[in-house]
Amino acid sequence: MADILVFQKQGENTDKFETAGKTGQAEHVMRIVTEEKGAEEAVQTKTYRFILIDLEGMEESGIAFAFFVRGLKEYRMTPILFFAKDKKYEQMAFHDIHCYDYMVKPICTEEMLRIVYLYLTHSPNLVEDSQIRFQVYGEDYMISVQDIIYMEALNRSVFVHTVNYILEVPYMKLRDCVSYGEGAFLQCHRSYIVNRRYIRKIDYVNHQIELKDAKEKIFMGRKYERLLRHKFDD
């Protein structure tokens with residue numbers, strides 16, 4: 001069961017969302033809200049795995065709600081997908097809100113399915129709240145969250161660096177891994193995600209992260225610095 005929250009203006013056509021209510025054997029509970037206050041109450045009373053925000057006709061309230069979501073500790077890394085009529089808010093969405101994707105209308109149903117439901121049903125997922133399942137050429141690899149030191153994107157694959165070995169997962173996007181692990185993983189660079197329990201030292205001057213049980217230091221991208229400071233300040 002995967003819960004999705006959709007925030008859009010009153011009367012907006014929702015056929016594209018309803019069409020994909022089921023994908024394969026996975027069922028998705030979708031809640032649609034049309035007011036900012038109602039949206040804020042929704043994320044405070046229930047945990048959603050994916051949030052869609054349609055900015056058309058409600059740009060200010062949509063952006064405000066996105067910032068509100070990111071201000072909640074349990075939603076710091078939850079995927080947010082924006083729909084918009086133009087690219088006016090694209091830079092803000094990626095750089096300040098750290099959204100999952102930003103799509104400009106018109107958007108076909110197939111494209112929405114590819115972005116949202118393929119993510120929910122075929123991305124690595126938690127197993128019993130302690131493990132993540134990775135698929136490599138049809139074979140499942142289940143790795144404990146506590147054993148993953150960091151993940152690295154390289155040559156269209158994600159390399160999962162664990163305390164015992166390195167697993168290469170072909171054709172995977174690093175951003176698909178961020179929201180798993182119950183907040184254990186932090187993106188510090190466009191090519192790296194680190195497990196916060198292994199962070200030994202963050203060097204903000206030289207933009208590097210020193211990790212336990214890892215010989216090399218991980219680079220920290222400037223656009224992720226504020227997010228890391230915010231996480232560790234909390």
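Which residues does alanine 39 touch, not counting residues up to four places away in sequence? In this predicted model, the contacts of alanine 39 are with Leu5, Phe7, Val33 and Phe65. Alanine 39 is placed in helix H2. Because its relative accessibility is 0%, under the 20% limit, alanine 39 counts as buried. Alanine 66 lies 27 residues from alanine 39 along the chain, and the C-alpha atoms of the two are separated by 10.0 Å.

The chain as a whole contains 6 helices and 17 strands. Of its 234 residues, 49% are buried. The accessible surface amounts to about 12,500 Å², and carbon and sulfur atoms account for 45% of this area. When contacts between residues at least 6 apart in sequence are considered, 55% of them join residues at least 24 apart.

The largest nonpolar core comprises 25 residues, among which Val43, Ile51, Ile53, Phe65 and Phe82 touch the most other members. At least two residues of this core are supplied by each of strand S1 (2-7), helix H2 (36-45), strand S4 (50-54), helix H3 (59-70) and strand S5 (80-84). The largest share, 4 residues, is contributed by H3.

An open sheet is formed by 5 strands in the order S12-S11-S10-S14-S13, with antiparallel pairing. Strand S12 (166-170) and strand S13 (185-189) stand at the edges; each has a single partner strand, so one side of each is left without a neighbour in the sheet. On average, neighbouring strands of this sheet are turned by 20° against each other, direction ignored. Strand S11 (residues 157-162) runs antiparallel to S12 and is joined to S12 by 5 bridges. Within this pairing, valine 160 has leucine 167 of S12 as its bridge partner.

The peptide bond from lysine 105 to proline 106 is cis, with omega near 0°; proline 106 is found in the loop between strand S6 (101-104) and helix H5 (109-122). Asparagine 155, although not a glycine, has a positive phi of about 55°. This asparagine lies in the loop between strand S10 (148-154) and S11, and its relative accessibility of 67% is over 50%, so asparagine 155 counts as exposed. Histidine 207 is likewise a residue other than glycine with a positive phi, near 55°. Histidine 207 is located in the loop between strand S15 (199-203) and strand S16 (208-211). Because its relative accessibility of 16% is under 20%, histidine 207 counts as buried.

The mean pLDDT of the chain is 81, and 81% of the residues reach 70 or more. Among the elements of the chain, H3 has the highest mean pLDDT, 94, whereas strand S7 (residues 125-127) has the lowest, 47. The pLDDT is below 50 over residues 19-26, a stretch with 14 contacts in the model beyond near neighbours in sequence. Over residues 125-129 the pLDDT is also below 50, and this stretch has 13 contacts in the model beyond near neighbours in sequence. Where pLDDT is low, the predicted coordinates should not be read in detail.

Methods
Residues are numbered from 1 along each chain as its sequence is written. This is a predicted model: local features need pLDDT of at least 70, side-chain atom pairs count only at pLDDT 80 or more; totals for chains, interfaces and linings use all residues. Side-chain values use heavy atoms; hydrogens and water are left out. Buried means under 20% relative accessible area, exposed over 50%, partly exposed in between (1.4 Å probe, protein chains only). Contact means heavy atoms within 4.5 Å. Accessible areas come from the Shrake-Rupley method with a 1.4 Å probe; for residues, only the protein chains shown count as cover. A nonpolar core is a set of buried Ala, Val, Leu, Ile, Met, Phe, Trp, Tyr and Cys residues joined through side-chain atoms within 4.5 Å. Two strands pair if DSSP finds at least two bridges between them. Axes are lines fitted to C-alpha atoms, for helices over the stretch in contact, and angles run from 0 to 180 degrees between N-to-C directions. pLDDT is the predictor's confidence in each residue, from 0 to 100.
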